[in-house]
Amino acid sequence: MNKNQGSIRFTDGNIVYPNGTVGMKDLNLEIRPGEFVVIVGSSGAGKSTLLRAINGLNRMSSGTVEVDGTIVPQKDGRELRLLRKRVGMIFQDFRLVKRLTVMSNVLIGRLAHVPGWRAMLNLWPVHDREVAMKALERVGITEKAWVKASQLSGGQQQRVGIARALAQEPAIILADEPVASLDPVTTHQIMKDLVRINRELGITTLVNLHFLDLARQYGQRIIGLRYGELVYDGSAANVTDEDFRDIYGRDFTEDDVLDEDAIG
Amino acid sequence: MSAAPPKPARNWPLLIGTLGFLVAMTWWSGHGIGFSLSELLCNLTGGQRLLRESWPPDFAFLPRLYGPFMETIYIAIIGTVVGGILAIPVAVLAARNLTLGKVVWFADRNFMNILRTLPDLFWAMMFAAAVGFGPVAGALALSVFTIAVISKLWSESLEAIDMGMPEAVRAVGGTWLQMIQFGAIPQGLQHYVSYALYAFELNVRASMVLGLVGAGGIGMILETQRANFEYERVTMIILAVLVAVLIIEQISESIRKRLA
C-alpha cells in the first residue's frame, strides 16, 4: 500500500517551549519506511515532543524535520494539512466524539480526503465510507460501527482511534502513549494490533511507551530519550537493562514495567 | 482522640460595620430619590382603588387574547431561531481557545458587549423605526437580544471544553472550520440547546414588554387596555401570560433535564 513511503528525518532539531523547557535537543534521526520504532524515556524526556513535531503539532525552534524528503511546514495552512493527511495519530485518551457513532468517528480520518462541503453536510462519498469500514475491519470491530463511541470499553475505543488513523490511509502512524490508560490484557491486544498493522500495510509506526518490557517485547528499533536528547538508538533484540538504566538515569522499578516478573 | 479546637469568636466589628454600611447606603439612596414613608402611606389608598378595579379578571376577554398571544409566540420563536443561529459564529469567535487570532477575538468580544449593553427595548424601538411598528420589528429585536444572550453564555462554555478532540481533528489534516464542527461543537452541543431554550423563555417574557413600544404581540394589547383603564382585562392578560410562561418553563426545563 505505502511501500516506499513514510521516511522521517530530523536534522539538528531543537524545540524549546516558551517556559524554557527543552523538549528536543540537537536531534539527528532517520527513520526508514515501514519501521516499527518504540520511543522510551521517563516522563518529560521529550517523547511526545518528538512525535508531535512530525505532524507539526509542535513547532521546531531550529533545525528541520522532513517526511519523505519534504520539510514539515512550520505554519498553519494548506501545505501542513496536506502533510497531516498522510500522518495518522493515536492518543492516550483516544479522543473520540463520544456522542457520535463509531463510524462517524472513523470518518473524521477522511476529512482531508473529501471536499469540505461534503464533510460539513455529512454526505460522505461511498468510497470514503468503504475505506472507513475497511479500517474498522482491520481492527476487528465492524459490528460496533453504528454504536455510540461512549458505549465502548477503553480497548474498543482505542481500536476506533486506530481505525480513524487507518482511514487516513497514512504513510506514518504516530502513537502517543496508546496503552497508558488501558489494563494489561487490553494493552497487549492493542500493541499486537499496532505491530500487525505495521507488518500488513507497511505503515511506518512510532510508538511512545513508558513500560520497558513492552518496548522490548514489541519494538523493532528502540529509541531512548533523556531531557530531549537522543541517548539510545538500537534494535530491541539487543537492548540491555544497562541501556535502560542509562536512558532513565536511575534503576528502574515495578512502575516502569507492565508485568512485574519482567524485572531482571 | 484530640479535643475539637475552640469555636472561633465571631468577628463582631466586621458584622456591625457591614450592617451599618448597608443601612447607610439604603438611607442615602432613598433620600436621593425623594422616598418618604409617610407620603407612601398617604397614597396607598390610590393603590387600593387600582387593586379593587383590577378584580375580578375579565374572563370574557380571554378569547380575544388568542391572536395577540400567538403573535407573541411567533415573535419569540423567530427571535430564538434566527438569533440562535447567528449566535453560533459570534460565540465561537469569542472563545479564546477557538478564535481566529487576537484581532478577530477582540472585535467579536466588543461586538458582543455592545449587543448586550443595549436593552431589548432599545432594539425594538430601532427596528420599529426601521421596518415600521409591528411583529416584524419585535422579531428582529428579539433576534439581536438572543444573539447577545446565547453568545455570551455559550462562548464561556466553549472556553471550558477539552481541547484534545479539536487537536485530533487538526492532526488528521482538518481545517479550522472542521476543527470547530467536529472537535468543538459536539462538546458544547448540550449547553447550546440548554441556552437556546433559556433564550426562548426570556423571549416570551420580553415580547410582552416589546409590545409596549409597538412591536406587536400580547404587550400591544396590554398597553391598549391599560391606557383605557380596563384594569380587569389587564389582570386577565397578566394571568394568561403567567400561565403560559409557567407552562413554557416547565416544558423547557424537562427537555433540559433530559439533555443533562
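Which strands of chain A does helix H9 lie across, and at what angle to S9(A) does H9 run? I began with this item. In the predicted model, helix H9 (residues 241–248) of chain A lies across S3, strand S9 (221–226) and S10 of chain A, running at about 35° to S9(A).

**Entry 1: conventions**

I noted that the model is predicted, that local features need pLDDT of at least 70, that side-chain atom pairs count only at pLDDT 80 or more, and that totals for chains, interfaces and linings use all residues. Residues are numbered from 1 along each chain as its sequence is written, chains are lettered from A and ligands numbered from 1 in the order in which they are written, and side-chain values use heavy atoms, with hydrogens and water left out. Helices (H or I, at least four residues) and strands (E, at least two) are DSSP runs numbered from the N terminus. Axes are lines fitted to C-alpha atoms, for helices over the stretch in contact, and angles run from 0 to 180 degrees between N-to-C directions.

**Entry 2: six-stranded sheet, chain A**

I looked up the sheet to which S9(A) belongs. It is an open sheet of 6 strands in the order S6-S7-S8-S3-S9-S10, with mixed pairing; two strands pair if DSSP finds at least two bridges between them. Strand S6 (87–91) and strand S10 (229–235) are the edge strands, each pairing on one side only. Direction ignored, neighbouring strands of this sheet are turned by 15° against each other on average.

I then took two pairs of strands in turn. Strand S3 (residues 36–40) and strand S8 (residues 204–208) of chain A pair in the parallel sense over 4 bridges, and Val38(A) stands opposite Val207(A) in S8(A). S9(A) and S10(A) run antiparallel and are joined by 6 bridges; here Ile222(A) stands opposite Gly234(A) in S10(A). The two strands S9(A) and S10(A) form a hairpin with 2 residues between them, and Tyr227(A) in the turn has a positive phi of about 50°.

**Entry 3: four-stranded sheet, chain A**

I found an open sheet of 4 strands in the order S2-S1-S4-S5 of chain A, with antiparallel pairing. Its edge strands are strand S2 (22–31) and strand S5 (70–71), each of which pairs on one side only. Strand S4 (residues 62–67) of chain A is joined to S5(A) by 2 bridges, and Val67(A) stands opposite Thr70(A) in S5(A).

**Entry 4: H5 and H6, chain A**

I checked the packing of helix H5 (residues 126–138) and helix H6 (residues 154–167) of chain A: the angle is about 135° and the axes are 8 Å apart. That makes H5(A) oblique to H6(A); angles under 35 degrees count as roughly parallel, over 145 as roughly antiparallel, 65 to 115 as roughly perpendicular and the rest as oblique. The crossing of H5(A) and H6(A) is right-handed, a term used if the near helix is turned clockwise from the far one by less than a right angle. In the contact (heavy atoms within 4.5 Å), Val131(A), Ala132(A), Ala135(A), Leu136(A) and Arg138(A) of H5(A) meet Ala163(A), Leu166(A) and Ala167(A) of H6(A). These residues divide into 7 nonpolar, no polar and 1 charged; Ala, Val, Leu, Ile, Met, Phe, Trp, Tyr, Cys and Pro count as nonpolar, Asp, Glu, Lys and Arg as charged, and the others, Gly among them, as polar.

**Entry 5: H8 and its partners, chain B**

How do H3(B) and H8(B) cross? I read that the axes of helix H3 (residues 66–94) and helix H8 (residues 176–212) of chain B come within 8 Å and cross at roughly 150°. The two helices H3(B) and H8(B) are therefore roughly antiparallel to each other. Their contact includes Gly79(B) and Gly84(B) of H3(B) and Ala196(B) and Ala199(B) of H8(B). By class, the contact of H3(B) with H8(B) has 15 nonpolar, 6 polar and no charged residues.

I next followed H8(B) to helix H10 (residues 231–259) of chain B, where the axes come within 10 Å and cross at roughly 175°. Among the contact residues are Glu201(B) and Arg205(B) of H8(B) and Glu249(B) and Arg256(B) of H10(B). This contact of H8(B) with H10(B) has 11 nonpolar, 3 polar and 4 charged residues.
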